Amino acid sequence: MIISEQKPKEEILEMLKGKKRVFIVGCAACATKCQTGGEDEVKEMKKVLQKEGKKITGTIVLDTPCDERIMKKDLSFLPALKNSDSLLIMACGVGLQTIGKLIDRPLVPALNPLFAGTTERIGRYYEYCSLCGDCLLDKFEGLCPLTRCAKGLLNGPCGGARDGKCEVNPAPARRSGVNDEIDCVWALIYEKTKEPLKAYYEPRDYKKILMPGRRVVR
Amino acid sequence: MSRFSERLKSKKFIITCEIFPPKGTDLTNLLKKAKALKGIVDGVNVTDSQRAIMRISPLAVCHILKEKGLEPIFQLICRDRNRIALQSDLLGASALGIENILILSGDHPTIGDHPEAKPVYDLDPVQLLKTARVLEKGVDLAGRRLKGTPKFCLGAVANPSFEPLELQVLMMEKKVRAGAEFFQTQPIFALRTFKDFQKKVSKLEAKVIISIFLLKSLKLAQLMDEIGLKIPKEYLKRLEKAEDPLKEGMNIAVDLIKEIKNECDGVHLMALGKEEYIPEILKRANL
């Protein structure tokens, strides 16, 4: 799922500067699972903004703000928007932009989307997939070096790991201040098989991976 | 063929060292150090914004060193350039007569002085070695023909302290298959580390040049120990007791070189700004 974190309150207030009537939109999918944009967080955000003198014109937690079809079915909240000068979106950037396709109002992001990750428990997420468009997991015993090696090296490790840990402090841990060293994925792969250390992997085709916005049209 | 390349092909002992390009354009100090090394070493590595700290282009410094009669080894890392820029710099080096290239991934930006920088790593070191060999065939990675064909003497790096060691050895074998003719290692301090490593790499079809690090102060030695380079306690004690730690550091380097020189292809001296002492170290180690 899309892992996200809430932006600091100060940053949200700065973006809402001059806005008086705010409608809050949450997400019942990933942001609820991450506890960054579900029912409880929307309620909490409402309280915070009211305390800062904002009028909250309404709140809603949409099933999947990233799915235009579902969004279209449930636009019951539209009338409330007439009185709103902005929408605070507690969903990822995909959710925000999908909402933006349907609603012509200033949209303010309340979350920082981080990555496609796995959940160990609430607050512990690990990026396992770069959505690279060309899955190589069969070659690396189900462990993705493109994502889980800090340098994305495909042909084996650099010399920087110590005791099986990467020389780079992991980004999520850095953000939360938790000391949680990241494993050298090559040490993990090597434990399972030596084959990827013997085979040669060609440079990746970044046409499939990089900007501008990838699309599937069929 | 470069002088360094000829030396690699001979059975002679190889001596290299490295100098760090400065942050800025003033090369006075660097050239002073380089002058002391002329005729003493077989090659001088010029590092590429090492430790992810931004510095002047190593290609420019290599060119200037070559003009002064030294034999530069251009360190080319994967961190800052995509495959277009890497190939472009390889061709540029060749046009400047710089054939010796050491290829490495490069320290991650987050540990350096521009931690916000975008890491590139478009090619990994194995892919870059192969790329250089492709260019030698007169085509680029896209298969398009080159006007004028480069020639390289290619090297790569290895870490003898890496655990498990077999993983490093597999990497070295892969790098040899990709085109590496020589290796320069991370520094070794413990003889045990050297012997275990040497046993595993003696059959490689590439020259393995072992790095010797000048422990110029106790503080530096402790720092190196902390980041996992395993400095023997005996050395830490010697540095602690010494009236002149730099001199003691030189003694340690001389002792180490004497211990290993008959069992390896060459040594690479890392003097961290004290390059002017390299001639003395080599002389005392009978090299």
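Okay, let's start with one residue: K208(A) is partly exposed, at 38% relative accessible area (buried is under 20%, exposed over 50%, partly exposed in between, with a 1.4 Å probe and protein chains only). Its partner is D134(A), and their side chains meet in a salt bridge at 3.6 Å, N to O. By salt bridge I mean a side-chain nitrogen of Lys or Arg within 4 Å of a carboxyl oxygen of Asp or Glu. K208(A) sits in the segment after α10 (195-198) of chain A and D134(A) in the loop between β7 (124-127) and α7 (145-148), so the pair ties together parts 74 residues apart in sequence. Helices here are DSSP runs of H or I, at least four residues, and strands are runs of E, at least two, numbered from the N terminus.

Quick housekeeping: this is a predicted model, where local features need pLDDT of at least 70 and side-chain atom pairs count only at pLDDT 80 or more, while totals for chains, interfaces and linings use all residues. Residues are numbered from 1 along each chain as its sequence is written, chains are lettered from A and ligands numbered from 1 in the order in which they are written, and side-chain values use heavy atoms, with hydrogens and water left out.

Now over to chain B. R133(B) forms a salt bridge with E181(B), with the closest N and O atoms 2.6 Å apart. R133(B) is in helix α5 and E181(B) in the loop between α6 and β6 (182-187) of chain B, so this one links parts 48 residues apart in sequence. R133(B) is buried at 18%, whereas E181(B), at 21%, counts as partly exposed. Both belong to a network of salt bridges with shared partners, along with K9(B), E136(B) and K151(B).

So what about the interface? 27 residues of chain B are in contact with 28 residues of chain A, contact being heavy atoms within 4.5 Å. The two chains bury about 2500 Å² between them, 56% of it on carbon and sulfur atoms; that's the accessible area (1.4 Å probe) that the two parts lose on being put together, summed over both. On the chain B side, Q127(B), L167(B) and K174(B) lose the most area, together 21% of what that side buries.

How many salt bridges cross between chain B and chain A? The rule finds one. E166(B) and K194(A) make a salt bridge through their side chains, at 3.1 Å, N to O.
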